[in-house]
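Me: I'd like to learn how to read a structure like this one, feature by feature. Could you walk me through it?

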Amino acid sequence: MSDFPTSYQTYGGALLAAQLFGDPINLALADLGGMNSGATLTEEDTSLTVGETTTLGGVEYTVLGSGTLQPTAVSLLGITIGLSPAVDVVLLEDAGGNIIFMYPDGEPDTDSLLGLGDVVMVLDVEQVGYNLGTGEVLCFREGTMISVPEGERAIEDLRVGDLVADIYGQSHEVRFLDSYIADPADDGGRNPSVTIPENGFGAGVPHSDLTVTGQHRLYVPNPMAEGEMCLVPAKALIETGDAHVYHSDRATRFFHLLTRGHNVVRANGMGAETMYTGKMVLAAYGSAGSQRLAKALNVSVVDLMKTKSAYTFCRVGPYVRATQRMDQAQWMPCVKTA
């Protein structure tokens, strides 16, 4: 069993559970009760499946579905004049039929919209499960070649202040680097590391075996929309046969790479995201790691925890989670720094 930090609200509106799914709908802020912060979700693994029972704050709930909730400030004339980012939401139901809105990756921001008009909550959910493992810190195995303006450099040779190149050829400063040793006894566990074989997605993609942590999102073709690309967790590619669990008979070092802004760089020639300092990631990183990161970025841990939730991409086919295409993505800054 694993514990995941989360927040939740009770839905008190008139709609039944079945009426909440389908096309996006508008809810009044008053339809949701007070925010219960600092709650704990207890789950056997990282996947919430529709219909299964999970435990939140010591109470058992049934998983109904998941999607996003976006607070929007609307004027009296019905004109939108303010907008806050959408956050992930999981809908749960208790034995009495009460519906719960749970926020596994951070609460919706309504404070910034106060005074702008009526606050409407735009709910967009489907009867699909949710992967809690997005809180895993994103890591590259030692020896991974990261794109830089001059070509490539092994991740262990990068230093703070160096520049790396994203998939569009733009340069971004390295803000933080860290590493840890993975015990071979952990191979094949609840969140195994994953290897994408050489040329697994075409010639040179990747140009050599690429090994990352299971929830590290990779830039791959959308199997449901020809010509589109999307970000998916490496772990999801195991199910399609495009990747396999990484095994090693020795301890292996993995590296975190944080750039100024959340970016997609090329790792062994394949698009892969950089570290994102969302709340779930910081929780997985731990108190000591978060303090070390805050010190390196010259911000307080409190400010670091204010980072907005990361967007997830591509809820199609076998790829577990999605919300939007890559070309529609709004990259959120990891943390505000000078």
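Predicted model: local features only at pLDDT ≥ 70, side-chain atom pairs only at ≥ 80, totals over all residues.

Me: Which residue does Arg250 form a salt bridge with?

Reply: Here is the general idea: side chains of opposite charge can pair when their charged atoms come close. In this model the partner of Arg250 is Glu142, with 3.3 Å between the closest N and O atoms. This pair links distant parts of the chain, 108 residues apart: Arg250 is in the loop between β21 (244–245) and β22, and Glu142 in the loop between β12 (140–141) and β13. Glu142 is also partly exposed, at 24% relative accessibility.

Me: How many salt bridges are there by this rule?

Reply: The count comes to 6. Another of them brings together the side chains of Arg175 and Glu173, at 4.0 Å from N to O. Arg175 is buried, at 14% relative accessible area, whereas Glu173 is partly exposed, at 26%.

Me: Which other residue forms a salt bridge with Glu173?

Reply: That is Arg260, and the closest N and O atoms are 3.1 Å apart. Glu173 lies in strand β16 (residues 171–182) and Arg260 in the loop between β22 and β23, so this pair ties together parts that are 87 residues apart in sequence. Arg260 is partly exposed, with 33% relative accessibility. Through shared partners, salt bridges join Glu173, Arg175 and Arg260 into one network.

Me: Let's turn to the nonpolar side. Which residues of the largest nonpolar core touch the most other members?

Reply: As a general idea, in soluble globular proteins, nonpolar side chains tend to be buried together. The largest nonpolar core here has 24 residues, and Phe140, Ile146, Ile196 and Leu218 touch the most other members. Elements that give two or more residues to this core include β13, β19 (217–221), β20 (229–233) and β22 (252–259). Apart from it lies another core, of 21 residues, with Leu20, Leu27, Ala73 and Met121 among them.

Me: What is Leu218 in contact with, leaving aside neighbours within four places in sequence?

Reply: The contacts of Leu218 include Ile196, Leu210, Cys230, Leu231, Val232 and Met270.

Me: And where is His256 placed?

Reply: His256 sits in strand β22. With a relative accessible area of 4%, it is buried, because the cut-off for that is under 20%. Not counting residues up to four places away in sequence, His256 touches Phe176, Asp178, Tyr180, Met275 and Tyr285, among others.

Me: Is Ala294 buried or exposed?

Reply: Ala294, found in helix α2 (residues 279–297), counts as buried at 2% relative accessibility. Beyond four places in sequence, Ala294 touches Val299, Ser300, Val301 and Leu304.

Me: Last topic: where in the chain is confidence lowest, and where is it highest?

Reply: Confidence is lowest in strand β7 (residues 80–83), at a mean of 61, and highest in strand β13 (residues 145–148), at 98. The chain has a mean pLDDT of 79, and 78% of its residues reach 70 or more. Over residues 309–338, pLDDT stays under 50, and the model has 111 contacts beyond four places in sequence for them.

How values were computed
Residues numbered from 1 in each chain as written. Heavy atoms only, no water. pLDDT = per-residue confidence, 0-100. Helix = DSSP H or I, 4+ residues; strand = E, 2+ residues; numbered from the N terminus. Contact = heavy atoms within 4.5 Å. Core = buried A, V, L, I, M, F, W, Y, C linked by side-chain atoms within 4.5 Å. Buried < 20%, exposed > 50% of the residue type's maximum accessible area, 1.4 Å probe, protein only.
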